[in-house]
Amino acid sequence: MLTEARPPRAAALAAFKAEMDGIRVHDDEKTLELRSRDYFWYSPILNEQLEDCRGELVVIPTSQEEVFRVASAAARHRLPVTIRGGGTGNYGQCVPLDGGVILDMTRLDKVIEITPGHVRVEAGARISRLDDAVHETGQELLMYPSTRTLATIGGFIAGGSGGIGSFRNGMLRDNDNVTYARIVTVEPEPQIIELHGEAINKIQHAYGTNGILVEVGLGLTPATEWVHVAALFDGYDAALDFATGVQDQGLDLYLLTCVERRFSAYYRKLKDHFPADRDAVFAMVAPADLSRFRTEVENGGGAVTFALTKEEIHQQGLQPAYELGWNHTTLQALKIDKGWTYLQVAYPHPFDPALVLRQMQRHGDELFWHHEMAREQGRVQIFALPLVRYRGKDEMYALIRELEADGCTIFDPHVYTIEDGGMKTIDDTQIAFKKQADPYGLMNPGKTRGWTPEMALAE
């Protein structure tokens, strides 16, 4: 990690900056600090490792042509390049480990074309703005993260895997959810590489280590005015039983989330809609299925406390359902109590709610639980993102071993490398593509163990 520009680096930075005429460049400490961070502070372990990491220049292109100039100059001067979108990732994806250039993509935000079932858009577009644009045509995105207001679509593809909408439409890698990717290579004479279909997995969830994503194509679906629903149950077992049972009822649901009662103190905007003596299920329900959903809730011993459109949610000062689950739970807790961190847990098939109850009993007040229902390759996959009372790194990894002994898979949010977090193994296809798109190994160095220095093209 560099804390100041060494002489060779300083000369390269000066030469690079001189070539950026007409492109916004910042090197003041405040901007460098702001643009060198994401939400890695969710993890005390990452916070200790990454809090002092800084880029040395921030460059903000406004067109794909300007991205070509940035890529060319970075390659010729051998400067590390870290791509940044909205900075809402949790694993240090956009934190520069070796200084260099931070490439801020948020001004590449054009919605290029919307057609029936498809949108083509520049990678720096905010997801909320993109979703608003496709709604004007009577369509909507297939999924988005709970941070849709700030996140960019390119950042979601490079760092995410699924989110709100995944119960209905699967994960990013499924089907034709992402249909097209336009990549700029980092070399003296940058090239364009276009990826389609499964080939997009070469850059999906690659943390921006193997090519500059400038444009994407996404599948769309007809828009639905989803009803945001809260249902309360007398017991987390009852909430889980309802959520697992309702999956087979043929209801059209965009989101289905179980949140146990101890979270209620962190959901302050909900007030009486989520009291401390009830466990909750939050959902986004198609209007035509709302009556059936209510009936299923009542049959499960629960009660609906609100069922509102997004406009009504805002009018009443509540939060939309997509901000009541996934990792927004962690964010809301950390705003009040900094002693928490979290884990990401995938449960084995078939899902056994009794396992969750055993885990709740075993860990007591050290873990607060919520569970997300999603689909992966058509099959329901249940995830948990529990709050974990942080007691140190050793205790964290002892907990991980216990959960793995339960048959769960842990996607470790306390590491910044692709392989040690979610992927578990080196993706040889992504590394092979990196050799093509980033032959000098300049992109986001240190974030993939699959790349070693000797792989870089000789000077």
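# Close-up views of a predicted model

The structure holds 25 salt bridges. A salt bridge here is a side-chain nitrogen of Lys or Arg within 4 Å of a carboxyl oxygen of Asp or Glu. The model is predicted: local features need pLDDT of at least 70, side-chain atom pairs count only at pLDDT 80 or more, and totals for chains, interfaces and linings use all residues. Residues are numbered from 1 along each chain as its sequence is written, and side-chain values use heavy atoms, with hydrogens and water left out.

**View A. Glu19 forms a salt bridge with Arg76**. The closest N and O atoms are 2.6 Å apart. Glu19 sits in the loop between α1 (7-18) and β1 (24-26), and Arg76 in helix α4 (residues 64-76), 57 residues apart. Helices (H or I, at least four residues) and strands (E, at least two) are DSSP runs, numbered from the N terminus. Glu19 is partly exposed at 29% relative accessibility; Arg76 is partly exposed at 40%. Buried means under 20% relative accessible area, exposed over 50%, and partly exposed in between (1.4 Å probe, protein chains only).

**View B. Glu33 and Arg54 meet in a salt bridge**. The N to O distance is 3.7 Å. Glu33 lies in helix α2 (residues 29-35) and Arg54 in the loop between α3 (44-50) and β2 (57-60), so the pair ties together parts 21 residues apart in sequence. Glu33 is partly exposed, at 36%. Arg54 counts as buried, at 18%.

**View C. Arg261 and Asp279 meet in a salt bridge**. N to O is 2.8 Å. Arg261 is in the loop between β12 and β13, while Asp279 is in strand β13. Arg261 is partly exposed, at 24%, and Asp279 is buried, at 3%. Salt bridges with shared partners join Asp234, Arg261, Asp277, Arg278 and Asp279 into one network.

**View D. The largest nonpolar core has 43 residues**. Such a core is a set of buried Ala, Val, Leu, Ile, Met, Phe, Trp, Tyr and Cys residues joined through side-chain atoms within 4.5 Å. Leu256, Phe293, Leu343 and Tyr347 have the most contacts inside the core. Elements giving two or more residues include β11 (227-233), α8 (236-246) and β12 (253-259). α8 gives the most, with seven residues.

**View E. α5 (127-135) gives the most to the lining of the second largest pocket, with three residues**. A pocket is an open set of points on a 1 Å grid over the protein atoms alone, with protein on both sides within 12 Å along at least five of seven lines; a cavity is a set where a 1.4 Å probe fits but cannot get out; lining residues have an atom within 4 Å of a point. The pocket volume is about 310 Å³. Of the 17 lining residues, the closest to the centre are His135, Thr224, Glu225, Trp226 and Lys310. Grid points are joined across faces, edges and corners, and a volume is the space filled by probe spheres set on the points.

**View F. The largest cavity has a volume of about 80 Å³**. Residues lining this cavity include Leu141, Ile153, Phe156, Leu172 and Leu218. α6 and β10 each give two or more residues to the lining.
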